[in-house]
Each structure stands twice: as structure tokens, then as C-alpha cells.
Amino acid sequence: MPQRAYVDGQYLPTADAHVPVEDRGLQFADSLYEVAAVFNGQLLDWPDHLARLRRNCAVLFIPLPQSDAALTLIAKRLIAQSRAADAILYIQVTRGTARRDHVFAPGLRPRLIMTVRRFDFRQRAAQQKRGVSVITVPDQRWGRVDIKSTGLLANVMAKQDARAQGSFEAWFTAPDGTVREGGSTSAYIVKNGTLITHPLSAHILPGIARQTLLRLAREAQIPVEERPFSLGEALGADEALLTSTTAPILPVTRIDGHDIGEGRPGPVAARLIGLVADEIARQTGWR
Ligand code: PDD
């Protein structure tokens with residue numbers, strides 16, 4: 001079965017799915033997106049993804065006409081059609097199509113796009129055992145990266161840099177040396193048993209995997225601090241981690257070529273990996 005897409009009310013093979021050249025998503029990145037994980041054909045943390053999409057639409061004055069029930073129906077139908085047990089669901093909402101003009105006219109009809117693509121979450125097991133490396137780059141993104149906009153050029157270039165240097169991810173640093181987050185992942189360190197991550201603000205995306213991880217940690221009595229941490233602090237940390245929808249949790253064992261702690265995944269990471277695996281199994285039955 002080829003990869004499937006939904007565009008403007010139609011279900012079709014992704015290769016046959018098109019949007020007009022004057023779509024504002026293409027012209028201005030005037031569009032939002034969501035990425036949700038599918039394990040065993042089941043969506044993980046789906047209500048949280050819907051809530052974030054709706055919040056973002058409201059912030060940008062994009063009047064998404066589909067109800068949550070309609071979005072869920074489309075997503076489930078696409079997943080069923082693609083017959084993929086483990087997959088990534090991608091949603092994009094653009095402001096719509098109009099003659100190119102920065103100012104948007106009232107009454108535009110938002111365009112809803114969804115695609116489903118098979119995804120091998122099992123590849124993460126080896127990375128969880130070994131750990132991954134990250135580099136750091138200056139954060140050159142705009143000032144509202146809490147909005148999940150498709151304007152991802154700085155993220156693209158940062159991740160390209162990381163890959164060129166043989167690293168999994170690039171961590172964005174602020175002018176004051178604070179580590180904010182990764183190009184497409186949330187960032188954490190562990191010091192003396194405490195899990196530390198940047199607080200929610202305009203400078204990071206409120207990750208769904210982050211929200212889940214912090215809840216699981218707190219439930220397991222692992223101390224959590226949501227506060228800025230510097231690159232110096234990260235280099236001196238006992239452990240480091242990253243999370244996202246596509247990499248639910250990975251230990252970070254090297255930053256800018258320096259070993260973190262012993263240079264291999266540590267005990268807090270191991271515990272959190274177990275908790276995340278249990279949560280995925282609880283929601284979807286996937287092991
Ligand atoms: N990226 N920070 C950034 C900048 C991100 O792009 C993402 C997600 C995250 C983690 O968010 P979540 O836990 O909700 O996946 C943090 C997605 C996966 C992407 O762009 O493909």
C-alpha cells in the first residue's frame with residue numbers, strides 16, 4: 001500500500017497529492033503543523049496534539065473548520081488505509097490560497113493536509129542502548145518558536161549541520177549560553193538525580209513528549225526542575241536526554257564532542273526509558 005494523504009476532502013496516494021502554488025503555506029510558511037506517533041495502529045497522546053494544533057490556530061487567527069471529531073476520523077481513516085502498524089501522522093494547516101500578499105484577506109478557507117508514513121520506532125532501541133551525540137548552534141529562529149509553524153529554515157540548517165558532523169541533533173543556545181531545545185526535539189540534563197529542562201516560554205516548543213516525560217518522572221518521584229540551564233552546566237551534567245514524537249526518549253552521551261558523565265547512558269535515562277515504554281504500551285499495546 002503506498003503512503004496515503006488527505007488534502008481538501010480527498011484521500012489519495014501521497015505521490016498524487018498536490019496543493020496550489022499560491023497556497024500561503026508555500027508562499028509564506030503561513031501554516032502550522034503537528035506530528036503524531038502511531039504505534040500498533042493507535043495514536044499516542046492524540047488529544048494533546050489536537051489541543052496544541054487548536055491553540056496554535058487560535059494564536060494565528062486561522063479558523064480551522066474541522067471539529068476534533070472530524071480530525072480524528074480523517075486521521076484514523078488515513079491510518080487504516082495506509083495499513084501501517086507503526087507510522088508517523090503529519091498534519092499541516094495552511095491559512096489557504098490567495099493571490100500573493102503578505103496581508104491576509106478575511107474569509108480565506110484554511111487548507112488541511114494529512115499524511116501517514118510508515119516509521120520504524122524499533123530503530124530507537126539501539127540508539128537508546130548506545131546514546132546519541134549532539135552539537136550546539138546559536139539559536140537563529142524567530143521569537144515565537146512556541147508556535148508550531150512550518151517556518152523551520154533555521155531548524156533545517158541546524159540539523160543539517162549536526163548530520164554533517166555525524167551527530168543526531170543540534171541544540172540551540174541563546175546569546176547568554178542557555179540551552180533551549182533541539183532542532184526537532186526537547187532537551188534535558190540530569191544532575192544529582194534531578195531532571196532539568198528549559199521552562200515553557202516563547203523560546204521553546206511545548207513538546208508533547210516533554211509533557212509526558214515530566215508527568216511520568218514526577219509520578220515516579222524523580223525530581224524535576226523546569227529552569228534554564230547553560231551549556232557549561234550541560235557539559236558538567238551526569239546525564240543528558242532528548243525527547244520528541246519521533247524519538248520518544250534518547251540518552252545524549254556527547255555534546256560538542258565532550259562525553260557527558262561516563263559517556264554512556266546513565267541510570268536516570270534507563271529508568272525514564274522504561275517509564276516511557278510502559279506509557280506507550282498502556283496507550284497503544286505496543287512493546
Ligand atoms: N518536532 N522542539 C522542536 C523545535 C520540535 O520541532 C519538536 C517536534 C519538539 C518535540 O515536540 P513533540 O514532543 O511534541 O514531538 C521540540 C517534530 C517531531 C518534527 O518537526 O518532526
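Me: Which helix gives the largest share of the lining of the second largest pocket?
Reply: In this predicted model, the largest share of that lining comes from α8, which contributes four residues to the second largest pocket.

Me: How much space lies in the second largest pocket, and which residues are closest to its centre?
Reply: The second largest pocket holds about 240 Å³ of space, and of the 14 residues that line it, Phe121, Gln128, Ala277, Ile280 and Trp286 are the closest to its centre. The elements that give two or more residues to this lining are α4 (123-130) and α8 (267-284).

Me: And how do the residues of that lining divide?
Reply: The lining of the second largest pocket divides into 10 nonpolar residues, one polar residue and three charged residues.

Me: OK, over to the largest pocket. What volume does it have?
Reply: The largest pocket has a volume of about 970 Å³, and 40 residues line it, with Tyr33, Val35, Lys148, Ser184 and Thr246 lying nearest its centre. Several elements each give two or more residues to this lining, namely the strands β3 (31-39), β5 (87-94), β6 (111-118) and β9 (178-182), together with the helices α5 (153-164) and α6 (208-219).

Me: Where does the largest pocket lie relative to the domains?
Reply: The largest pocket lies between domain 1 (4-119) and domain 2 (124-284), because both of these domains give residues to its lining.

Me: Changing topic, which residues are closest to the ligand?
Reply: The ligand is surrounded by 18 residues, and the closest of these are Tyr33, Arg52, Glu181, Ile208 and Thr245.

Me: How much of the ligand's accessible area does the protein cover?
Reply: On its own the ligand has 480 Å² of accessible area, and the protein covers 90% of that.

Me: Now the cavities. How many are there of 30 Å³ or more?
Reply: The count comes to two cavities of 30 Å³ or more. About 150 Å³ of space lies in the largest cavity, whose lining has 15 residues, with Leu44, Asp45, Ala209, Thr212 and Pro248 nearest its centre.

Me: What elements give two or more residues to that lining?
Reply: Those elements are α6 and α8, and α6 gives the most to the lining of the largest cavity, with four residues. Domain 1 (4-119) and domain 2 (124-284) each supply at least three residues to the lining of the largest cavity, and by class that lining has eight nonpolar, five polar and two charged residues.

Me: And which residues line the second largest cavity?
Reply: The second largest cavity, with a volume of about 30 Å³, is lined by Asp238, Glu239, Ala240, Pro251, Val252, Thr253, Ile260, Arg264, Pro265 and Gly266. The elements that give two or more residues to this lining are β14 (239-243) and β15 (250-255), and the largest share, three residues, comes from β15.

How values were computed
Residues numbered from 1 in each chain as written. Predicted model: local features only at pLDDT ≥ 70, side-chain atom pairs only at ≥ 80, totals over all residues. Heavy atoms only, no water. 1 Å grid on protein atoms, 1.4 Å probe; cavity = no way out; pocket = protein on both sides within 12 Å on 5 of 7 lines; lining within 4 Å. Points joined across faces, edges and corners; volume = space filled by probe spheres on them. Domains from an automatic or database assignment. Nonpolar A, V, L, I, M, F, W, Y, C, P; charged D, E, K, R; others polar. Near = heavy atom within 4 Å. Areas by Shrake-Rupley, 256 points an atom, 1.4 Å probe, with all protein chains shown as cover.
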